[in-house]
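Subject: Structure handover

Hello,

Here is the structure I promised to pass on. Please open it first, then read my notes below.

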Amino acid sequence: MAGAVTVRRIAVIGGGPGGLYAAALLKRLDPARQITVWERNAPDETFGFGVVLSDETLGGIEHADPVVYEALKKEFVRWDDIDIVHRGVRHRSGGHGFAALGRRRLLRVLHERCRSLGVELRFATEAPPLDELRAEHDLVVAADGVRSTTRAALADAFRPRVSEHRCRYIWLAADFAFDAFRFEIAETEHGVVQLHGYPFAADASTVIVEMREEVWRAAGLDRAGPQESVERCAKIFADALGGRPLRSNNSAWTTFRTVVTEHWSHDGVVLLGDAAHTAHFSIGSGTKLAVEDALALAACLAEQPDVPAALAAYEEERRPVVASTQRAARASLEWFEDLGRYLDQPPRQFAFNLLTRSRRVTHDNLRLRDAHFTEAVEREFGCPPGTPPMFTPFRLHGLTLRNRVVVSPMDLYSAVDGVPGDFHLVHLGARALGGAGLVMTEMVCVSEEGRITPGCTGLYTARQGEAWRRITDFVHSQAPGTAIGVQLGHSGRKGSTRLMWEGMDEPLPEGNWPLVAASPLPYRPDGQVPRELSRAQLTDIREQFASAAWRAARAGFDLLELHCAHGYLLSGFLSPLTNLRTDAYGGSLDRRLRFPLEVFDAVRGVWPDDRPMTVRVSATDWAEGGTTAEEAVAIARAFAAHGADAIDVSTGQVVAGERPEFGRSYQTPFADRIRHEVRVPVIAVGAISSWDDVNSLILAGRTDLCALARPHLYDPHWTLHAAAEQGYQGPGVVWPAPYRAGSRRPQTGRTDAPRPRLALDPVTALPPDRAVPGPHGS
C-alpha cells in the first residue's frame with residue numbers, strides 16, 4: 001500500500017449500489033478507515049425493480065471483491081435473447097448475454113457486505129450539512145443520485161448541465177419472467193407506445209412503458225391516477241403480458257434527465273454514479289456506471305499520494321468511458337423518441353435498426369452473436385450471399401455505384417493558380433484505385449475570389465478544366481467502375497486565409513482579396529469583414545457556378561455536388577446566424593433558401609441530364625439560434641424538390657463559436673432523419689471510421705452511402721482492405737491487377753487481453769502491480 005492516500009474518515013451520501021459498493025471497497029482496502037453511509041430512505045425502499053449488469057462489470061466485481069461476486073452470482077437470472085415485436089411479428093436475436101437480479105436483493109447483498117466489513121450504515125437519515133461533513137471527514141463521496149443535493153449545493157464548482165427529454169416513462173413489474181429481453185411496439189390511436197421488459201427473478205420481470213410526451217397527454221395519462229396508469233399499460237400490452245396484471249412500487253410517470261458535469265470533485269467532495277452522470281435506461285448502464293465508478297475511485301485512492309491527485313486520476317480515467325457511454329445512451333434515447341419514423345421499415349431491418357441503435361452493437365458484432373438473424377436481415381435487404389451491405393450497388397439517377405463507400409471531399413490546398421497538379425492526380429488516383437464506389441474532389445472554387453486559400457483548386461479557366469480532365473481520364477481508365485465527382489463551392493466570408501497547416505481559418509498576412517457574403521459578418525473576430533452581396537453580384541456568382549458546372553461536365557466528372565455547408569457562401573445564406581439580410585434573400589427560411597436554390601437550378605440547367613447532382617448541407621450549426629434539425633429537413637426537402645438526387649448531410653463549421661457534440665458517427669442521426677422524413681437518398685459523414693460502421697449504417701437504413709475522409713488519408717486502399725478483412729471477393733470491389741498479390745489480409749501477432757483494473761488479495765492489500773491500467777467500460 002506504499003504511496004496510497006491516507007484517508008481515515010470517509011462519508012458516503014447515498015445508499016444506492018454505487019455508494020454502498022464504494023464504501024465496501026474502501027473499507028476492504030484499509031480496515032482502519034471509519035466509513036459512514038447516510039441514506040435518507042429505509043433499507044428496502046428503492047426505485048425500480050431489476051438491475052442488469054454486463055459480464056464486464058461482473059468481472060470487475062469478481063476481481064475486486066469475490067465475496068460480493070459470489071453472493072450476487074447466486075441471485076442472477078441469465079438469458080441470451082432479445083425479442084423485438086412489431087406489428088404482430090416477433091423477431092428474436094440471440095447470443096447477447098444478460099445477467100439481472102432484483103434491485104432490493106442487490107442492495108441487501110451490499111448491506112451485508114458493508115456490515116461484515118465494519119461500515120456504518122445509517123438508514124432513514126439525512127446526511128449532515130456538507131460543511132459539517134467536510135470538516136469531520138477526509139473525503140465525502142456524493143452518491144446521492146440524479147437529483148443530487150450535493151451537486152446542487154456545489155453547482156458553481158461542479159457546473160452541471162441537466163437535460164430533460166421528450167418521452168414519459170414509468171417503471172412497473174410483472175409477476176412472471178420474460179424468456180428474453182423484450183421490446184414491443186404498440187401503435188395506438190394516440191400514437192406509438194413502447195415496452196422495455198426483462199426478467200430479474202425466476203418469477204418477476206421489469207416492465208418499462210414509454211411514449212412521447214404528446215402521446216402521453218393525448219391518451220389522458222397526464223390526468224390518470226397511479227392505479228389507472230398501471231391498468232392501462234397492462235391493457236396496451238396485454239399480449240406481451242399474457243393478460244397478466246402489472247404492479248407498481250410507488251411508480252410515477254417521469255421524464256429522463258441526462259446529467260453531465262464539467263467537474264466531478266471539489267475540495268474533498270467527489271461525485272459518483274448518477275450524481276455525476278446519467279445514461280438512459282434503454283442501454284441499462286446506470287448501475288453499471290456507478291459500480292465501475294466505485295471500482296475506479298477505490299483503485300485511484302490506493303495508487304495516488306494524496307486526495308487531490310487521486311480524485312483527478314479518478315476523473316481522468318472515468319470521464320472518457322462515461323462520455324462514450326453517454327453518447328451511446330443519447331443515441332438510444334433519441335432512437336426511441338423518434339421511433340415513429342422507422343415503423344414502415346421491413347420487419348427484420350426494423351429489428352436490426354433497434355438492436356444497433358446505440359452504435360454499441362454493430363453489424364459485425366451482431367453477426368458473431370447471431371449469424372442466422374444477421375444473414376436473414378441481409379437477405380431481406382438484398383445482399384447477395386457472402387456480400388457485406390457496403391458492397392451492394394446503389395443507383396443515383398443515371399449512375400450506378402458499385403459499392404456504398406465515398407471518399408469524402410478533402411481540401412488539399414496544393415494547387416497553383418487554381419490548377420490541380422500531380423499531387424491531385426496521385427491523391428485522387430490512389431483512392432480511386434483503392435476501391436471506393438465514388439471519389440470526390442475537394443471543394444473546387446467557381447472563381448478566383450471564391451477560393452478559401454491561395455492553394456485551392458478551381459474550375460473558372462479552361463486550363464483548370466483540362467487539368468481536371470487528366471485526372472478523370474486516369475480514374476476512368478485505370479480504375480474502371482469507380483466514379484469521380486466534383487464538389488463546387490464559393491468560400492464566401494471564409495476566404496483569403498492561410499493554408500491549413502499554416503493556420504486554419506487565419507487571415508493571410510498579405511496578398512488578401514476582398515470577400516463577399518450574405519451579410520457583412522466576419523467569420524473570426526480578427527478576420528476580414530465581407531461585403532454584402534448586391535442583386536447584380538448575386539447574378540454574377542450564379543453564372544460563375546453555372547460556368548464551372550459546364551467545365552466540370554466537359555472535364556468528365558460523373559457527379560456534381562453543390563457545396564451548401566460549412567459556412568461557405570451558399571451555407572451563409574441558409575443559416576440565420578450568418579444571413580441578416582432584410583431583402584428577398586433573408587429573413588424566413590424560404591427567403592434564405594432562395595439564392596442557393598437559384599444557384600442549384602442554374603447548375604442543374606447546364607449539368608447533363610443523365611448525371612446525378614447532390615447537395616451538401618450543414619444540418620445544424622451547433623450554436624444557439626442557428627439552423628434547427630427541423631429546418632435542415634425543410635432545406636433538404638427544398639433541394640430534393642428542385643431535383644437533387646441525394647443530400648450529403650454534414651454539420652457545423654458555420655460559425656467559429658460552435659460547440660459540436662463529437663463522437664463516433666456523431667453526424668449520422670441528421671442524415672437518418674432527412675432520409676426518412678424527406679424520402680431522399682442521403683450520404684452520411686462524420687467520424688465513420690470502420691467498415692463495420694458502414695455495414696451497420698447501411699443495413700439499418702440510416703443512410704444510403706457513407707463518406708469517409710480521414711480513414712482515406714490514413715489508408716488510400718481502405719475499401720480494398722475492408723473487402724480483404726471481410727473475406728469478400730465480388731463485383732462490389734475490384735483489386736487492380738498489379739495489386740492482386742496483396743489482396744489477402746496479412747497475418748498479425750497475438751493480442752493479450754487487459755488485466756483487471758482492481759484486484760485484491762483475500763486480506764486487504766493490493767498486489768505490487770495494482771496500478772496496471774485497464775478498461776472499466778465498453
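Ser285 is buried, with a relative accessible area of 6%. Throughout, buried means under 20% relative accessible area, exposed means over 50%, and partly exposed lies in between, with a 1.4 Å probe and protein chains only.

Before going on, some ground rules. This is a predicted model, so local features need pLDDT of at least 70 and side-chain atom pairs count only at pLDDT 80 or more, while totals for chains, interfaces and linings use all residues. Residues are numbered from 1 along each chain as its sequence is written, and side-chain values use heavy atoms, with hydrogens and water left out.

Back to Ser285. It sits in the loop between strand 16 (269–271) and helix 11 (286–303). Helices (H or I, at least four residues) and strands (E, at least two) are DSSP runs, numbered from the N terminus. Ser285 touches Ala279 and Thr325, leaving out residues up to four places away in sequence. Contact means heavy atoms within 4.5 Å. Val52 is 233 residues from Ser285 along the chain, yet their C-alpha atoms are separated by 7.9 Å.

**Domains and cores**

How is the protein divided? There are two parts: domain 1 (9–336) and domain 2 (392–732). The bounds come from an automatic or database domain assignment. Taken over C-alpha atoms, the domain centres are 44 Å apart.

The largest nonpolar core holds 86 residues. Such a core is a set of buried Ala, Val, Leu, Ile, Met, Phe, Trp, Tyr and Cys residues joined through side-chain atoms within 4.5 Å. Which members touch the most others? Leu488 and Phe639 do. Beyond four places in sequence, the contacts of Leu488 include Met443, Val444, Phe545, Ala548 and Leu560. Glu561 and His563 are also among them.

**Helix 13**

Helix 13 covers residues 347–355 and is mostly covered. Seven of its nine residues are buried. They are Gln349, Phe350, Ala351, Phe352, Asn353, Leu354 and Leu355.

**Cavities**

How many cavities of 30 Å³ or more are there? The count comes to five. A cavity is a set of points, on a 1 Å grid over the protein atoms alone, where a 1.4 Å probe fits but cannot get out; lining residues have an atom within 4 Å of a point. Grid points are joined across faces, edges and corners, and a volume is the space filled by probe spheres set on the points.

The largest cavity has about 70 Å³ of space. Its lining includes Gly492, Arg493, Ser519, Leu521, Tyr568 and Thr578. By class, the lining has five nonpolar, five polar and one charged residues. Here Ala, Val, Leu, Ile, Met, Phe, Trp, Tyr, Cys and Pro count as nonpolar, Asp, Glu, Lys and Arg as charged, and the others, Gly among them, as polar.

Most residues other than glycine have a negative phi. Ala124 has a positive phi of about 50°, although it is not a glycine. Trp622 is not a glycine either, and has a positive phi of about 55°.

Trp622 is buried, at 14%. Ala124 is in the loop between strand 8 (120–122) and helix 5 (130–136). Trp622 is in the loop between strand 25 (613–618) and helix 22 (629–641).

Arg611 is in the loop between helix 21 (589–606) and strand 25. Its relative accessibility is 23%, so it counts as partly exposed. Leaving aside neighbours within four places in sequence, Arg611 is in contact with His397, Ala553, Gly556, Phe557, Asp558, Arg604 and Asp645.

Ser547 lies in helix 19 (residues 535–554). Ser547 is partly exposed, with a relative accessible area of 35%. Its C-alpha atom is 8.3 Å from that of Val606, 59 residues apart along the chain.

Gly242 lies in the loop between helix 10 (238–241) and strand 14 (254–261). Gly242 is exposed, with a relative accessible area of 57%. Phe176 is 66 residues away along the chain, and the two C-alpha atoms are separated by 9.9 Å.

Best wishes

Note on methods
On a 1 Å grid over the protein atoms alone, a cavity is a set of points where a 1.4 Å probe fits but cannot get out, and a pocket is an open set with protein on both sides within 12 Å along at least five of seven lines; lining residues have an atom within 4 Å of a point.
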